[in-house]
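The following note sets out, point by point, what may be read from the model. Please keep the sequence and the coordinates at hand while reading.

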Amino acid sequence: MGAGAVGAYFGVRLQQAGEEVVFGARGRNLVAFKEHGLELKSPRGDFHGPVRATDDPREFAPYDLVLFCVKMYDTDAAARSLKGCLGPAGIILTLQNGVESEARLAEYFGREVIMAGCARVGAELVAPGKIVHMTTGVIEFGELGGGITPRAENIAGAFRRAGIYGELVDDILTFRWSKLLWNSAFNTVATLTRRTVGAIIEDPDGLHLIRTLMNETLAVAKAEGAKLGPDRIEALLDHSQKNLRALKTSTQQDYERGKRLEYDALSGAVVRAARRHRIAVSAMEAVHATLGLLDQAISSKP
């Protein structure tokens, strides 16, 4: 559900592994899928072939598993379109940015059918129906209540066969906050500065800003119960320096295409949680306000 760069990449790999996959898309992307198939360029193997695509999930329902990959601001509309589309033991696995989608989806489907995960993949939708995959490409996921269940292990098996398995974890809250630790800093700053990850890290002031934002997010994450420490910041910075230097973040890509910005799921999630715990996050508040103004400018264009 939401076959942009992330959803399309994982969908293709599952299809190649023999799974029956439906790509939920819309607009020019949907037209391209139907008329020309999906084209993927990847260091892990290219793909160009037909796919089943629709803008109405009811067309191919019911589903055993839904990878929920839409932007956070499209969550409610996408959830409404999926009502009644799950199979008897169907699961919705949200791979959305931030840490708030699980509760939102539970309002529509009940908490028992929701799982949460982190999509670790560097990919870009370069044209309708055309994806370029650059790095990583795995899913880390788990049950909201913790523990390793048979249904989670079944999904892990499918992911292994598709080559997209990252880890089945029993503390998905920590994993989700770990990803937000990176996204709330790099995704936001890259969008505001229109710089790659590598260019930001190489600039002393840019790196200082990233560290400041990460430290603020870390304080909030720990207050929310995530088991993270300063060593996680260093690990993320080291990984970014070695593997993500050329990356344009997803929100930056949206900005360049004139699309709405998903900033509220990133900086907004941190700011809201910080206010609940009365934690000062002045740098994140400044970034959040600036991104909001930038998003308004995009939305007001004719």
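1. Trp-182 and Phe-186 are both buried, where buried means under 20% relative accessible area, exposed over 50% and partly exposed in between, with a 1.4 Å probe and protein chains only. The model is a predicted one, in which local features need pLDDT of at least 70, side-chain atom pairs count only at pLDDT 80 or more, and totals for chains, interfaces and linings use all residues. Residues are numbered from 1 along each chain as its sequence is written, and side-chain values use heavy atoms, with hydrogens and water left out.

2. Trp-182 and Phe-186 share helix 6 (residues 172–193) and stand 4 residues apart, about one turn of the helix. Helices (H or I, at least four residues) and strands (E, at least two) are DSSP runs numbered from the N terminus.

3. How many aromatic pairs does a search of the whole structure find? The search returns 5. Rings of Phe, Tyr and Trp (its six-membered ring) pair if their centres lie within 6.5 Å; planes under 30 degrees apart count as stacked, over 60 as edge-to-face and the rest as tilted. One of the pairs is that of Phe-141 and Phe-159, which is edge-to-face, with 5.4 Å centre to centre and 75° between the planes. Phe-141 belongs to strand 8 (residues 130–143) and Phe-159 to helix 5 (residues 150–162), so this pair ties together parts that are 18 residues apart in sequence. Phe-141 is buried at a relative accessible area of 0%, and Phe-159 is likewise buried at 0%. For Trp-182 and Phe-186, the ring centres are 4.9 Å apart and the planes lie at 25°, so this pair is stacked.

4. Two arginine side chains lie over tyrosine rings. A charge is taken to sit over a ring if NZ of Lys or CZ of Arg is within 6 Å of the ring centre and within 35 degrees of the ring normal. The charged end of Arg-160 is placed over Tyr-165, 4.2 Å from the ring centre. Arg-260 lies over the face of Tyr-73, 4.1 Å from the centre of that ring.

5. The largest nonpolar core comprises 39 residues, and those with the most contacts inside it are Trp-177, Trp-182, Phe-186, Ile-210 and Met-214. Such a core is a set of buried Ala, Val, Leu, Ile, Met, Phe, Trp, Tyr and Cys residues joined through side-chain atoms within 4.5 Å. Two or more residues come from each of helix 6, helix 7 (197–202), helix 8 (204–224), helix 9 (230–243), helix 11 (267–277) and helix 12 (282–299). Helix 6 gives the most, with 8 residues. Apart from this core lies another, of 37 residues, including Ala-53, Leu-125, Ala-152 and Ile-155.

6. Leaving aside residues up to four places away in sequence, Ile-210 touches Ala-185, Phe-186, Val-189, Ile-200 and Leu-237; contact means heavy atoms within 4.5 Å.

7. Which residues of helix 11 are buried? They are Ser-267, Gly-268, Ala-269, Val-270, Val-271, Ala-273 and Ala-274. Their cover includes helix 6, helix 8 and helix 12.

8. Arg-278 follows helix 11 and lies in the loop between helix 11 and helix 12. Its phi is near 55°, a positive value in a residue other than glycine. Arg-278 is exposed, at a relative accessible area of 80%. Arg-194, in the loop between helix 6 and helix 7, also has a positive phi near 55°. Arg-194 is partly exposed, at 45%.

9. Strand 2 (residues 38–41) pairs with strand 3 (residues 47–49) in the antiparallel sense over 3 bridges, and with strand 8 in the parallel sense over 3 bridges. Two strands pair if DSSP finds at least two bridges between them. Leu-38 stands opposite Gly-49 in strand 3, whereas Leu-40 has Ile-131 of strand 8 as its bridge partner. The hairpin of strand 2 and strand 3 has 5 residues between the strands, and Gly-45 takes a positive phi near 120° there.

10. Ser-42 is placed in the loop between strand 2 and strand 3 and is buried, at 11% relative accessible area. A polar atom of the Ser-42 side chain lies 3.0 Å from the backbone nitrogen of Arg-44. Beyond four places in sequence, Ser-42 touches Tyr-9, Arg-13 and His-133.

11. A cis peptide bond, with omega about 5°, joins Ala-61 and Pro-62. Pro-62 lies in the loop between strand 4 (52–54) and strand 5 (63–68).

Definitions and conventions:
Polar contact = N/O pair within 3.5 Å; in protein donor to acceptor, adjacent residues only side chain to side chain.
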